[in-house]
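Please look over the protein shown here before reading the report. The sections that follow move from the overall fold to individual residues.

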Amino acid sequence: GLLEEHGADGVRYWAASGRPGTDTAFDTGQMRVGRRLSIKLLNASKFVLANPEPRGDVFEAVDKGLLTMVGRLVREATQDLEAYNYASVLQKSESLFWFFCDNYLELVKSRRYGDQGAAAAGSANSALLNALSALLRLFAPYLPFVTEEVWSWWRPGSVHAAAWPTAAELFDVAGGEDDEAARALALAAAVLGEIRKKKSEEQRPL
């Protein structure tokens, strides 16, 4: 019944959220969070993969910032998993994924459709596809079914047989780890948040 209601990935999310050495309470609320995360991963992936062309060099600051953030996450996640801190990896990956959905996707939505020219769209698409590839592999041990489904849409083989991501593969696409670009993306997201807050306060339409 739990699997039918929350999905296997939702139940696994709850199980993986318990830290080593601590008692884990039975919590269907956590399973619902896992199901919501799985559905969001499906929907965000559909958006990323719906219009993957053109592709080009990554030169926009927020795109470099995203790849820097994901590369740093991969580096930390790898270290945490080597130390058996698997729950920490799930928490960090989930946090960056929601930032990706709530902020980065909104910031680049019009640009990736070509509103600012082909080169700017290519920069966004390259960043989106490389970030998604790494995030799917990070989530694969925790959400094995949804990540396998999304992987099958655009990559051969199984995500569970794919190479673990490396920070270097993200930094190489971005032209190096770029702290200034990461700060630029964080600032852009903060401004976007203030705009949303003001819009809500004044009850203005989208």
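## Basis of the description

The model is predicted, and accordingly local features need pLDDT of at least 70 and side-chain atom pairs count only at pLDDT 80 or more, while totals for chains, interfaces and linings use all residues. Residues are numbered from 1 along each chain as its sequence is written, and side-chain values use heavy atoms, with hydrogens and water left out.

## Overall fold

The protein has eight helices and zero strands, where helices (H or I, at least four residues) and strands (E, at least two) are DSSP runs numbered from the N terminus. The radius of gyration of the protein is 18 Å, close to the 17 Å that the globule rule gives for 206 residues, so the protein is as compact as a globular protein of that length; the radius is taken over C-alpha atoms, and the rule is 2.2 Å times the number of residues to the power 0.38. Along the principal axes, the C-alpha atoms fill a box of roughly 50 × 45 × 30 Å.

Contact here means heavy atoms within 4.5 Å, and of the contacts with a separation of 6 or more, 76% are accounted for by residues 24 or more positions apart. The protein exposes about 10500 Å², of which carbon and sulfur atoms supply 53%, with accessible areas coming from the Shrake-Rupley method with a 1.4 Å probe and, for residues, only the protein chains shown counting as cover.

## Burial and the nonpolar core

Buried residues make up 44% of the 206 residues, with buried meaning under 20% relative accessible area, exposed over 50%, and partly exposed in between (1.4 Å probe, protein chains only). In soluble globular proteins, nonpolar side chains tend to be buried together. In this model the largest nonpolar core holds 51 residues, and Phe 97, Phe 100 and Tyr 104 touch the most other members; such a core is a set of buried Ala, Val, Leu, Ile, Met, Phe, Trp, Tyr and Cys residues joined through side-chain atoms within 4.5 Å.

Helices H1 (2-16), H2, H3 (61-82), H4 (86-112), H5 (118-139), H6 (144-154), H7 (167-174) and H8 (179-201) each supply at least two residues of this core. Not counting residues up to four places away in sequence, Tyr 104 touches several residues, among them Val 62, Leu 66, Ala 124, Leu 128 and Leu 185.

Ser 38 lies in helix H2, which spans residues 28-50, and at 8% relative accessibility Ser 38 counts as buried. With neighbours within four places in sequence left aside, Ser 38 is in contact with Asp 9, Leu 143 and Val 146.

## Loops and the chain end

Most residues other than glycine have a negative phi, and most peptide bonds are trans.

Tyr 84, in the loop between H3 and H4, has a positive phi near 65 degrees and counts as exposed at 64% relative accessibility. Gln 203, in the segment after H8, has a positive phi of about 50 degrees although it is not a glycine, and at 71% relative accessibility Gln 203 counts as exposed.
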